[in-house]
Amino acid sequence: MSEKTSAEVIIGGKVYTLSGYEGEEYLQRVATYINNKLGEFDNTEGYKRLPVDMKATLLELNIADDYFKAKAQVEKLEQQLEAKEKEIYDLKHDLISNQIKTESDEKELKKLEAENKELLLNKARLEASLEESLLGKLPDKKEKKTAENHNGGGRE
C-alpha cells in the first residue's frame, strides 16, 4: 500500500490540508476541480444571494452529476472496448482459419499441378506413341499398294 500523503490546498479562498494515498499533484487537481465548480456558480446570477447550505447542496449536486456522467461514459467506453476486443478475437480466429485454408489450398494446388504435369507427360507419350503407330502403319499401306500394283491390282 502507498504511503499517506498530505497537501495544503486552497478551496474557495480558504486553506485546507488534504490527505490521502494519492500523490500531492492529484490532491491539487481535486482542489482545482472544486475551485472551478465554485467559479462556475459564482458566475451564475443569483447564486451569491443563496444561503451557504443551499450553495453547498448545489455544488454537491453538480459534482454528483459530473460523477454519474463520467461513470456512464466509462461504462460506454468499456462496452465499446469489450466489443472491439470481441471483434479482434473474431478477426484473429478468421485469420487463422483463412491461413489454414490457404495452406490446404496451396497443398491441393501443388498436388493438382503435379497431377496435371503427369497427365501432360502421359498425353505427350500417348501422342508420340500414336504418331509412331500411325506413321508405322502408313508405310505398310503404301507397301500394300505398291505390291498390289506390281501384282496387277491384287487380282490373280
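**Reading salt bridges, rings and a core**

Me: How many residues apart are Lys 69 and Asp 65 in helix 2, and about how many helical turns separate them?

Reply: Lys 69 and Asp 65 are 4 residues apart in helix 2, so about one helical turn separates them. Helices here are DSSP runs of H or I with at least four residues, strands are runs of E with at least two, and both are numbered from the N terminus. Before we go on, please keep in mind that this is a predicted model, in which local features need pLDDT of at least 70, side-chain atom pairs count only at pLDDT 80 or more, and totals for chains, interfaces and linings use all residues. Residues are numbered from 1 along each chain as its sequence is written, and side-chain values use heavy atoms, with hydrogens and water left out.

Me: Which bond do Lys 69 and Asp 65 form?

Reply: Here is the general idea: side chains of opposite charge can pair when their charged atoms come close. The rule for a salt bridge asks for a side-chain nitrogen of Lys or Arg within 4 Å of a carboxyl oxygen of Asp or Glu. Lys 69 and Asp 65 form a salt bridge, with their closest N and O atoms 3.1 Å apart. The count of salt bridges comes to 6.

Me: How many aromatic pairs does a search of the whole structure find?

Reply: Rings of Phe, Tyr and Trp (its six-membered ring) pair if their centres lie within 6.5 Å; planes under 30 degrees apart are stacked, over 60 edge-to-face, and the rest tilted. The search finds 2 aromatic pairs. Phe 41 and Tyr 47 have ring centres 5.0 Å apart and planes at 20°, so this pair is stacked. Tyr 67 and Phe 68 form an edge-to-face pair, 5.2 Å centre to centre with 70° between the planes. Tyr 67 is partly exposed at 47%, and Phe 68 is exposed at 54%.

Me: Where does Tyr 47 lie, and which residues is it in contact with beyond its neighbours within four places in sequence?

Reply: Tyr 47 is in the loop between helix 1 (24-42) and helix 2 (52-150). It is buried, with a relative accessible area of 5%. Contact means heavy atoms within 4.5 Å. Leaving aside those neighbours, Tyr 47 contacts Leu 38, Phe 41, Asp 42, Lys 55 and Leu 58. The C-alpha atoms of Tyr 47 and Leu 58, 11 residues apart along the chain, are separated by 9.4 Å.

Me: What lies over the face of Tyr 47?

Reply: A charge sits over a ring if NZ of Lys or CZ of Arg is within 6 Å of the ring centre and within 35 degrees of the ring normal. Lys 55 lies over the face of Tyr 47, 5.3 Å from the ring centre.

Me: Which residues make up the largest nonpolar core?

Reply: In soluble globular proteins, nonpolar side chains tend to be buried together. A nonpolar core is a set of buried Ala, Val, Leu, Ile, Met, Phe, Trp, Tyr and Cys residues joined through side-chain atoms within 4.5 Å. The largest one has 8 residues: Val 9, Ile 11, Ala 31, Ile 34, Leu 38, Phe 41, Tyr 47 and Leu 59. Strand 1 (5-11) and helix 1 are the elements that give two or more residues to this core. Helix 1 gives the most, with 4. Phe 41 counts as buried at 12%.

Me: What pattern does the protein chain follow along the sequence?

Reply: The pattern is β-β-α-α, with 2 helices and 2 strands. Of the 156 residues in the chain, 8% are buried.

Conventions:
Buried < 20%, exposed > 50% of the residue type's maximum accessible area, 1.4 Å probe, protein only.
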